[in-house]
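Reader: I'd like to learn how to read pockets and cores in a model like this one. Can you walk me through it?

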Amino acid sequence: MATKIRLQRGGRKGYAFYSIVIADARAPRDGRFTEKIGTYNPNTNPATVDLNFDRALYWLEVGAQPTDTVRNILSREGVMLMKHLRGGVRKGAFDEAAAQRKFDAWKADKQRGLDKVREADAKAKKDAEAKALDAEKKVNEAIAQKVAEKKAAAAAAAAEQEAPAAEEAPAEA
């Protein structure tokens, strides 16, 4: 039986959510599957992947073929690298400890890169909020100035109306 590691669609219209499953190559996309090994949510930024690493590695090693999208997901999660490193261990290029050190170094480097991206996004968001706040303050100041000018004009008009009335009052007395 030829097995595939593929995505199975779920979620509502316009908001896709996928399960990463092991299925027979002849089964339909959303049909019967052998095992569910994770989920993929492309709606978040960055896309959220929840993957059973050990089961994905097992299925790759027994010959399951991932689809292109799933191959990219597995590469980002490090499953493909671990498969490659285990192949090197089997061939005698290095031992299991060296393979694990290489994988841990790759994982740490990837995490640093992700942290950098998250920090940059957070900084950009904070800068945008500060810029929006400054723009709002300027608009509020302009409105306050216009209101003050209107009040001053109204006070001046009221003073002009009271001045002739005040002049007439002493003349009558």
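This is a predicted model: local features need pLDDT of at least 70, side-chain atom pairs count only at pLDDT 80 or more; totals for chains, interfaces and linings use all residues.

Reader: Which helix gives the largest share of the lining of the largest pocket?

Author: The general idea first: rolling a probe the size of a water molecule over the atoms shows where empty space is left. In this case, the largest pocket holds about 310 Å³ of space. Helix 2 and helix 4 are the elements that give two or more residues to its lining, and helix 4 has the largest share, with 6 residues.

Reader: How do the lining residues divide into nonpolar, polar and charged?

Author: You get 6 nonpolar, 1 polar and 5 charged. Among the lining residues are W106, K107, K110, I73 and R76.

Reader: On to the core. Which residues have the most contacts inside the largest one?

Author: A nonpolar core is a set of buried residues joined through side-chain atoms within 4.5 Å. Here the largest has 21 residues, and I5, I20, I37, L51, L74 and V79 have the most contacts inside it. Strands 1, 2 and 3 each give two or more residues to this core, as do helices 1, 2, 3 and 4. Leaving out residues up to four places away in sequence, V79 touches L51, F53, A56, L57, L60 and L74.

Reader: And what is the bridge partner of G38 in strand 4?

Author: That's L51. Strand 3 and strand 4 pair in the antiparallel sense over 4 bridges, and a hairpin of 6 residues joins them.

Definitions and conventions. Residues are numbered from 1 along each chain as its sequence is written. Side-chain values use heavy atoms; hydrogens and water are left out. Buried means under 20% relative accessible area, exposed over 50%, partly exposed in between (1.4 Å probe, protein chains only). Contact means heavy atoms within 4.5 Å. Two strands pair if DSSP finds at least two bridges between them. On a 1 Å grid over the protein atoms alone, a cavity is a set of points where a 1.4 Å probe fits but cannot get out, and a pocket is an open set with protein on both sides within 12 Å along at least five of seven lines; lining residues have an atom within 4 Å of a point. Grid points are joined across faces, edges and corners, and a volume is the space filled by probe spheres set on the points. Ala, Val, Leu, Ile, Met, Phe, Trp, Tyr, Cys and Pro count as nonpolar, Asp, Glu, Lys and Arg as charged, and the others, Gly among them, as polar.
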